[in-house]
Amino acid sequence: MRNFTHILLGWLLLCSSILSAQDNFYSDTFSNTQLQEDFQQYLDVFYELHPSLYWYTSKEDIDQQIASISQQLTESKTAFEFYHLLASLTASFNCGHTGINLASSYEGSINRSFPLEFQYVGGKLYLYYDYETETYPLTAIASINGRTVQEILDRISSHRGTDGYIGSPDPLVFNNSRGFSYHYQLAFQDASDYEITFTNGSSISRTPISNDELKEVREKLYPRESYLKSQILPEKNLAILTVNTFEKSALKATDSEYKKTLATFFGEVKKKKIENMVLDMRTNGGGEDNYASHLYKYLSAEPLKYYK
């Protein structure tokens, strides 16, 4: 097994990847020696490069988890099993920009997307949109393939962690079929169709679609121009700005000219003396810091120290 671990300090994103000539995430098996070597490399990178390893979890707790994992690496494991050990440990750091990524050779194993859109609201998971029927059921889900929603959320959250002391699952993971499908497959190995049972007693069965198919249907449901939208309603003394992402690739793809759009929007707000504004960022999952800081310039007259 060839090992590769790297850290992108700009994003504080740690990616530990097992690289192999094999490419089945669920069945590739590695010896205890290979796993122990990879685990030690993982630890070396964290100890050397992570700037805040013990900010949210004590050294004693982390050391206990490391010892527990070491004891479990006395026999061979699949890449799937090893991933779960590393992901759980990484999640315990509670650093929102630190996580485990799969080697590119394994991405082909993660290709069973839900043909559905979900919304996670108030601790419940709802079926928001069904691509097969092209309808918005808006129905609360009880289970998927026999697993309760709480089991699924707990399993996924245990491998993603939270940011600091937030202590609740990230709704952006579940409010996106790409993200939810991906993390569901990292958490569970399902070879069959998806059986969805609802809290009202009804159920549906859906055949998974490929990632490329999902991308195609999502582009129809969520056109690129929806990433950045502005609206001024003088009759209501109201301005609405929707910024659904700060990702450079997405904003460039819209040809929206981000800075120009903001300048025009806030220029009109000032010119028409609009006193009320709604900034809608409910589905914004983050992205480039410079996009966020540029927007903030329009929202406050006070200086802000963006980095410390």
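In the predicted model, the buried residues of helix 2 (residues 59-72) are Ile62, Ile66 and Ile69, where buried denotes under 20% relative accessible area, exposed over 50%, and partly exposed the range in between, for a 1.4 Å probe and protein chains only. Because these residues cover an arc of only 65 degrees around the axis, they lie on the same side of helix 2; the arc is that of the directions from the helix axis to the C-beta atoms. An α-helix has 3.6 residues a turn, so residues three or four places apart point the same way. On the other side of helix 2, Glu60 and Gln71 are exposed. The buried residues of helix 2 pack against helix 1 (32-49) and helix 3, with contact defined as heavy atoms within 4.5 Å. Helices (H or I, at least four residues) and strands (E, at least two) are DSSP runs, numbered from the N terminus.

Helix 2 comprises 14 residues and reaches 20 Å from its first C-alpha to its last, close to the 20 Å expected at 1.5 Å a residue; the expected span is 1.5 Å times one less than the number of residues. Residues are numbered from 1 along each chain as its sequence is written. In this predicted model, local features need pLDDT of at least 70 and side-chain atom pairs count only at pLDDT 80 or more, whereas totals for chains, interfaces and linings use all residues, and side-chain values use heavy atoms, with hydrogens and water left out.

Helix 2 packs with helix 3 (residues 79-91) at an angle of about 175 degrees, the axes being 10 Å apart. Axes are lines fitted to C-alpha atoms, for helices over the stretch in contact, and angles run from 0 to 180 degrees between N-to-C directions. Helix 2 is therefore roughly antiparallel to helix 3, given that angles under 35 degrees count as roughly parallel, over 145 as roughly antiparallel, 65 to 115 as roughly perpendicular and the rest as oblique. Ile62, Gln65, Ile66, Ile69 and Gln72 in helix 2 meet Leu85, Ser88 and Leu89 in helix 3. By class, the contact of helix 2 with helix 3 has five nonpolar, three polar and no charged residues; Ala, Val, Leu, Ile, Met, Phe, Trp, Tyr, Cys and Pro count as nonpolar, Asp, Glu, Lys and Arg as charged, and the others, Gly among them, as polar.

Helix 3 also packs with helix 6 (residues 177-187), at an angle of about 105 degrees and with the axes 9 Å apart. Helix 3 is thus roughly perpendicular to helix 6. The contact is made by Phe80, Tyr83 and His84 of helix 3 and by Gln185, Leu186 and Ala187 of helix 6. Its residues are four nonpolar, two polar and no charged.

Tyr42 lies in helix 1 and counts as buried because its relative accessibility is 0%.

Two residues other than glycine show positive phi values. Asn237, with phi of about 55 degrees, lies in the loop between strand 11 (228-233) and strand 12 (238-243). Lys273, with phi near 55 degrees, is found in the loop between helix 9 (258-271) and strand 13 (276-280). Lys273 counts as exposed because its relative accessibility is 67%.

The chain as a whole has ten helices and 13 strands. Of its 308 residues, 43% count as buried.
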